[in-house]
Each structure stands twice: as structure tokens, then as C-alpha cells.
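Hi everyone, thanks for coming.

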Amino acid sequence: MKSDAPSEQKTIVKVGHIEKRRKKIVVPPQYLKMSDNTHHKLFVEKLKSRPFTPARSPRGAQIHLSLPETSSSAFGRVTPEGDGSFIFPKSVSEIDLWRSGEKTDLLSYASKNSEKKDHLYKILVIGDLGAGKTSIIKRYVHRFFTQHYRATIGVDFALKVLNWDENTLIRLQLWDIAGQERYGNMTRVYYKEAVGAFIVFDVTRVNTFESVAKWKSDLDSKVQLSDGSPIPCVLLANKCDQPKEGLINNSHKMEEYCKENSFTAWFETSAKDNINIDEAAKALVTKILENDTLLNAESSKDEGKFSISKETNAQKNGKMCSC
């Protein structure tokens, strides 16, 4: 038996690769033929009483873009420190962004962000056992300090991402090398392709400072820049929050010592109290970038000289002709 009640029909309209569903209300003819239109009015009132549900966003319209860490928006939240990503909730769609007028800004930022220069630098952190190398790395990368830790065996790694400026992204691959490794044969392998280093000593133990020169000599003999010069190295006088021993009490002599041993700079640091950790890293990265710029410029000049000399030799040998 056929029902006289109003019915609903759904049609699917394909627009590109997105399916849009449209709902069509079919009213039986007998409802409209009645003179008093009672059933028709009841039907209309029933439709009006239905709760309104907003149209769903097209499938596949969610987007994920990168925004600066300082950005704020009603549509999402910034991810934890370091990666600079921006997460949108699932309910936010491409259409919502177009309507809000924010999509243009997001896309322009994404385009600009893709043009950033991305540098990856290998940095060594070396020094005697117990000087505080691991604590410095944890403070710098993970922003915390603990007095309870186990001595590093062999080598450990950490990654620090720096938004250096609006056009430069720097990734520092920090190699935490165990203090006893200087007496082994693996340091040549660990040092390979490094472009900068920290040498750490403990201001409360004079013997760790006496080992600094040996670490520096070992470093310079096993790794150099492409032009043969030693890699930039910053000396860290760690645990400066505690009573100091030895040469560290005389800053003038420390300056002379660093010049004699070709250190880029030196800093009194404390992983516990977070003293000069960021400043020391900034000084090293600045020097690395300067070297990188100079080496790239010299490489471009050498390529130009090679090209000119090659053409000159070809002309002398009569191998070139003008048409």
C-alpha cells in the first residue's frame, strides 16, 4: 500500500571531484488539491519546526599550512615550541577560510615560507668527563636542567631548530661526545663534516681547563673547513654559578689564552641557571654563517676563473671558431 505522506528525495550533484548532496521535498498532489489546504499547512509547519543544520564542508577541503609561532587565529592553535607549525581543527574547511578572508594571507605566507633558506650545521660539543656538556645541550635544546644524569657513552645527538631571521631557517645537529673519547680512535669519525664546536670545561676543576688545549689540538688536526682553516670554536667555562678555580678568575688572561689558541669567543656559562647558553650558541652560529658566506663567494670566483682560463686555453689551441 502506497503512503500519502510527504517524502524526501536526495540527489547527488558532482562538482569537480567534490560531491554535493541536495535534498528535495516532494509534496503529494492530493495535499495541494484539498480546498482547505489543511494538510498542506501542517506539512509546511512541520518543515519550519525542523532544527537547522548548516551545510557540511566539502570532503577533502581541510588544509594544513605553516604560520609563525607568534600568529594567532580563531581557527587553530600553534604547536609546541620549535617547529613553528599551525594546526587547524577538523571542522575548519577551505570554504570557511575563504569566507573569513584569511585564506589569502595564509597562502601568501606559505608561499613565502617555502622560499626560506634552510641550513643544516653539525656542531661538536667536546670536553672532559663531567664538565657539563650534556646539561648544556639539554638546557639549550629542551629548556630544562637536572642534576641526575648518566655519563654519555660514545656519542649522543640532539637537534635544535632556529628561525634565524625571516629568510633563514637553521638546524643545528649537536653531537655530544663523551669525555673519554679523546683517548680513543673514533674522534676522527665523530668530527667529520663538523662546521663548528664548543669545548666545555668545569670552572670548579682546574684539570678540566688544562685539558682544553689538548681538545683544541685534537679538533684542529682532524677537521678543517674546505679552505683548510680550523672550524669556529667557542670555549665554555661551565658551572659559573659555583666557586671558580684557576685562570677563569682573570678575564684579561682568559682573553689572551683564547687568542693564542684561536678560539672564536669564550663565555662563562651555567646550565643550571641558564647563563649565557643562548648567547654562546648565537656567537658560534654567527661565525659559521660568516664562513659559509665567504666560502660560497670564493667558490663562485673560482668557478669564474676556471671558465675563463678554459676558454683561453681552447683559443690558444685553435679549438674555438667564430661563426
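Let's begin at one residue: aspartate 202 lies in strand β8. Please keep in mind that this is a predicted model. Is aspartate 202 buried or exposed? Its relative accessible area is 2%, and buried means under 20%, so aspartate 202 counts as buried. And what does aspartate 202 touch? Leaving aside residues up to four places away in sequence, the contacts of aspartate 202 are Gly130, Ala131, Thr208, Asn238 and Lys239.

Two elements, β8 (196-202) and α7 (206-210), each give at least two residues to its lining. By class, the lining of this second largest cavity has seven nonpolar residues, one polar and three charged.

Now for the largest cavity, with a volume of about 80 Å³. Which residues line it? They are Val125, Ile136, Ile137, Tyr140, Leu174, Phe198, Leu236, Ile277, Ala280 and Ala281. In this lining, ten residues are nonpolar, with no polar and no charged ones. Helices α5 (133-142) and α10 (277-316) each supply at least two of the lining residues.

Next, the packing. In soluble globular proteins, nonpolar side chains tend to be buried together. How many residues does the largest nonpolar core have in this model? The number is 28, and those with the most contacts inside the core are Leu124, Tyr191, Phe201, Leu219 and Leu235. The elements giving two or more residues to this core are the strands β5 (117-127), β7 (168-177), β8 and β9 (233-238), along with the helices α6 (187-191), α8 (212-222) and α9 (251-260). Another core lies apart from this one; it has 26 residues, including Leu162, Ile170, Val234 and Phe267.

Let me zoom in on leucine 219. Not counting residues up to four places away in sequence, leucine 219 touches Leu124, Ile126, Tyr191, Ala197, Ile231 and Cys233.

Key. Residues numbered from 1 in each chain as written. Predicted model: local features only at pLDDT ≥ 70, side-chain atom pairs only at ≥ 80, totals over all residues. Heavy atoms only, no water. 1 Å grid on protein atoms, 1.4 Å probe; cavity = no way out; pocket = protein on both sides within 12 Å on 5 of 7 lines; lining within 4 Å. Points joined across faces, edges and corners; volume = space filled by probe spheres on them. Helix = DSSP H or I, 4+ residues; strand = E, 2+ residues; numbered from the N terminus. Nonpolar A, V, L, I, M, F, W, Y, C, P; charged D, E, K, R; others polar. Core = buried A, V, L, I, M, F, W, Y, C linked by side-chain atoms within 4.5 Å. Buried < 20%, exposed > 50% of the residue type's maximum accessible area, 1.4 Å probe, protein only. Contact = heavy atoms within 4.5 Å.
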